[in-house]
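Subject: Structure handover

Dear colleague,

Here is the structure we spoke about, with the sequence. My notes follow below it.

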Amino acid sequence: MKSGRALAVLVGGVFFLAVMSLYRMLDLMQGAEPQLRGEWSAGQFDQDLSRLRNKIDRLERLLVSNNRMVAMLRDSLHIHKQGGANKSAGSSHFQKESLPGCRLAQQKDSPASVQLLDVYDLLPFDNPDGGAWKQGFQISYQGNEWAEQPLELFLVPHSHNDPGWLKTFDGYYRDQTRHILDNMLLKLGEDSRRKMVWAEISYFSKWWNEIDEQKRAMVKRLVEAGQLEMVTGGWVMADEANSHYFALLDQLMEGHQWLQTHLGVKPSTGWAIDPFGHSPSMTYLLKGAGLRNMVIQRIHYAVKKHFASEKTLEFLWRQSWDSSHSSDITCHMMPFYSYDVPHTCGPNPAVCCQFDFYRLPGGRISCPWRIPPQPITERNVKERAHLLLDQYRQKSRLFRTPVLLVPLGDDFRYVESSEWDAQFNNYQKLFDYFDQHPELHIKARFGTLSDYFSALHRHLGAADSSLPTLSGDFFTYADRDDHYWSGYYTSRPFYKRLDRALETTLRATEILFSLTLAEMRRSHGDLVAGFPAREHFQRLVEGRRSLGLFQHHDGITGTGRDPVVVDYGTRLFHAILNLRQVQQSSAHWLLLLDKNQYQHDPSKPFLQTDDVIPAQDALPQKTPLVLSDEPRTLVVYNPTEQRRSSVVSVVVSSPDARVVDSETAQPMPVQISAVWVEPHQASSEAFQLSFIAELPPLSLTVYHVTKAPAGSTPRSSYVIHRHGNPPSVAAQHFQVSRLEAAEAAAQLTLSNKQLQLWSSAETGLLQMLRLSSGLVRRVQVKFLWYGTTTNRDKSGAYLFLPGQGGAQPYTSEPPLVRVSKGPIFSDITSCFKHVTHRVRLYHLEGHSGKSLEISNTVDIRAEVNRELVMRLESDVASGNRFHTDLNGFQMQERRTLEKLPLQANFYPMSSSSFLQDSLSRLTLLSAQSQAVASLHSGELEVVLDRRLQQDDNRGLGQGVTDNKLTGSLYHLLLEDRKAPQDVGGSSTDHLSLLAHLDSLSLCHPPITMFAQSNSQLPKLRPFLPLHSPLPCDIHLLNLRTLEREQEAGAPSQEVALLLHRKGFECSSAPEPPPQCTWSVHEEVNLDDLLSPLQFRSIRRSGLTLLRDHDEPARQPPPRLAKLRPMEIAAFRAVLD
């Protein structure tokens, strides 16, 4: 009864607020009416119109807020009604207490005025012909709009240099980039009015290493004078769809650190003109790195048109979860088709092309509209200037201020000195004409992005105006018609998987190396002679730069030519091998009881990893461990900040083995399984030994493995079946049986204490899941093919253009189905012609056993124009909504729209996606990036591989036919939800706490190493750096050793400590609770966090650790740092 009264009061309060808001809106409109009747000048009209637009924007935000409050109220009534019924029925789903900290994680303030999800709902996507601006509309003006405030134009020369695409990184540098930079130095120095921006530090650093000190001094003078601006400052212009946020931040840090060391500058403006869609995760990192403004280009043409018509092409991009607005960054969206000269001066490319003076008659390229540029002379300057001014004015009408940005460049422009002269000399003549004719009301000059944004903010401030706010992302990109760029989300999946392998290896190595140097200084006062710290640091730097280079928007995207892909793959491969050397050497030193016994011998490393990557295009292979009565030493490194129960598997030479903890001599639970050389043939010489390891956070744990008496080790038992064609099986050391006729008609089942699954006996594919809570969900796995359209334009590296009818069922001969059961894990493997699919269930206590592991090994090398997908079909009532992650950093709600073509409803998934209804959530966690879609309620599908014979006419000039034998790995997690909620509900939904922990385990598995020899091993002891795990919701993103300022290429005592506090949602609590803790407080005690490690000094900095962003050192004790959910914090620290 009391709750009913409270609800009534709440209803009344919300209604009162809504009425008052509407009343205020009417008041504002009436206040504006008398002003509308006055006679204004054009300038006053624009200013007052701008103020009125801002008021309307605020009203829209207020109405949106009211709508959300009403929706929340409706949900509360629904929950109140159903919650009581459920409780009276004794349901356990809704009786759990809220998770501490989850309310904090879901707090949010006023929403952005533009929500991209709502924009997509609004747009018709009808694509009418807009005339000269084909994808837009006719733009008109009176001519007196600039009488009060002249048009202020900044022409920004640029050259977009892809670090690999049609040529390799080194090929482009040799043939083009070094000449561009050489000429830049010469031509900018000739006239102080000339300017340029540069983005790719990978190229700039390579060029810098080749020039002499005199030229370096000239570069510094140009930078100090504002003629040369370094924009974004990343190692590359990164892809924003497939890249993980660790790698995005790492390449940004590598570029910024280089700029700080060599040029002493910090970028203030972002420049992302070629990534194929844009993510708010990148904007968060840029703002955290000190950037205040940014420019983007590749946005769906219909969205651009809408933003242009609303004059919202410039906005404050806000994180959907950020209640403080501290992450807002000013963003300029280029309005037209491309960033080349024909599509940047104004809406008519046929006119703009006439002002690309590189295309003058007799040059290498010409204008496709067949009207060539003309050199500017005294005779034609008036006509040419007015023609260009018309385009400038039309473009200006799409923005709210009289400040206009016009880029001048394209891919690999300004290679030849003649182009510099043609562009700068002809434009200077036009600018001089404008200056000589003030009646034209234009001030035009060469500029940088900082010049432009300074003028923009000056005008906004003078007009007391503000930009609208926006939240959401810009996927999936379409550049014309139904040509959606969702193919590259999966193209070259082998290398997308290799990218994440390097990322995982790099992070693990960074942390271990930093801990090793700190331990050396603690115990010895300095670095130990004989430990190759400098050489290892160089390997880390090369690893960072190889990972960074691959984040380029033609690298991880899979959109480079075949030789370029091989070059990328070779760099990734060598980086992993080199980083493993650092791991092995660091672990060796840390584990030695007597540090004086350390000897570094690269030819005979003390430790080596238990798997070998034979080549850049091959999957890893386990190295067999030969067992005897003498113990072999295994070292397991846990690179995560959490204590974990993990199943560690190695290949051994005996079907019987024993594993003991080296410190306690306690035997570990073990299981011997077959190593299958063929689907029906097990090896008689190699066996998989699996054991459960309890791994403290960031620890190196030592185990001893010996051969055990025959028959003493628990072994997997197998049931093998093939419908209609029973196989002959060779597995002499294992119990193998066949399904009886009655069993073949029933379902296969596996279970542990948390979870039970049912699979088809015919295919082995998953059919149903049941939780220990009683929740049952139909979850069926299916494989399907997509073909490509019969139209002229077909699928390629970039585009996904599926055939009519969508996906077709995967058909093949009945697969061999192999069911394995053992004390540590059980699994079902289905061996199809094109994919080997395995579902594994671990028999682990606690939350570690609550998810399914799904792995696929795919081979479509014999197919033509086909794409293989894995689809999950469930009875989760998700409607047309689902969620995907953005770069592994945050979740984004998606809505599948029938008005869009099928390919438009695919989105990038870097690490997770989920479906949910009021009672359950089904989450797919991924160890690699891929395309994902939910085309119907309860469905989730991922594209596993694509083989396409033709080019899709986006410049690559080839298809995608270099497919490999490719692995993919997932965890599938079914969870109860505590309370009914409107499906989709908030666009700021997070992963659950359990999903975060499960994703951490999936993406950062234990690293296993073994000692090379059994004879005379020195005494080892485990390395346990932390007393306790970090809080559940705080992720140690990195512990990165910084370079010594006084000695290039040498490690310093300082480390970059990067912490990410995850946002998690409230509707499900992991049971039993995990071993870590979490807090409702925003403050984090840095002294306790890594205890017993201590900080000699620690200060907060920007995300890229530029010294200009350092805060004062924090004084102990205690040293508290504010870290709100979703935020990343960076600290410059010296470990003691």
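Pro1092 sits in the loop between α20 (1086–1089) and β47 (1095–1101); helices (H or I, at least four residues) and strands (E, at least two) are DSSP runs, numbered from the N terminus. The peptide bond that leads from Ser1091 into Pro1092 is cis, with omega near 10°. A cis bond also joins Phe475 to Thr476, with omega near 5°, and Thr476 belongs to the loop between β11 (469–471) and β12 (478–480).

Please note that this is a predicted model, in which local features need pLDDT of at least 70 and side-chain atom pairs count only at pLDDT 80 or more, while totals for chains, interfaces and linings use all residues. Residues are numbered from 1 along each chain as its sequence is written, and side-chain values use heavy atoms, with hydrogens and water left out.

Overall

The protein has 20 helices and 49 strands. Of its 1136 residues, 62% are buried, where buried means under 20% relative accessible area, exposed over 50%, and partly exposed in between (1.4 Å probe, protein chains only). Contact below means heavy atoms within 4.5 Å. Among contacts between residues at least 6 apart in sequence, 76% join residues at least 24 apart.

The largest nonpolar core has 258 residues, and Phe204, Phe307, Tyr392, Tyr427 and Phe474 have the most contacts inside it. A nonpolar core here is a set of buried Ala, Val, Leu, Ile, Met, Phe, Trp, Tyr and Cys residues joined through side-chain atoms within 4.5 Å. Leaving aside neighbours within four places in sequence, Phe204 contacts Leu181, Met184, Trp198, Val219, Leu228, Met230, Trp258 and Leu263. Another core, of 29 residues, lies apart from the largest one and includes Val652, Tyr703, Cys831 and Phe1010.

Helices α8 and α15

The axes of α8 (residues 245–262) and α15 (residues 493–524) come within 10 Å and cross at roughly 65°. Axes are lines fitted to C-alpha atoms, for helices over the stretch in contact, and angles run from 0 to 180 degrees between N-to-C directions. Phe246, Ala247 and Asp250 in α8 meet Glu503, Leu506 and Arg507 in α15. The residues of this contact divide into three nonpolar, no polar and three charged (Ala, Val, Leu, Ile, Met, Phe, Trp, Tyr, Cys and Pro count as nonpolar, Asp, Glu, Lys and Arg as charged, and the others, Gly among them, as polar).

Arg544, in helix α16 (residues 533–550), has contacts with Asp250, Glu254, Leu506, Glu510, Phe537, Arg1040 and Thr1041, not counting residues up to four places away in sequence. Arg544 counts as buried because its relative accessible area is 4%. Its C-alpha atom is 8.7 Å from that of Glu503, 41 residues apart along the chain.

Single residues

Ser968 lies in strand β42 (residues 966–976) and is buried, at 8% relative accessibility. Ser968 and Gln928 are 40 residues apart in sequence and 6.9 Å apart in space, C-alpha to C-alpha.

Two residues other than glycine have a positive phi: Asn887, at about 65°, and Met1126, near 85°. Asn887 is in the loop between β35 (881–886) and β36 (890–895) and is buried at 1% relative accessibility. Met1126 is in the loop between β48 (1120–1122) and β49 (1128–1135) and is buried at 3%.

Regards
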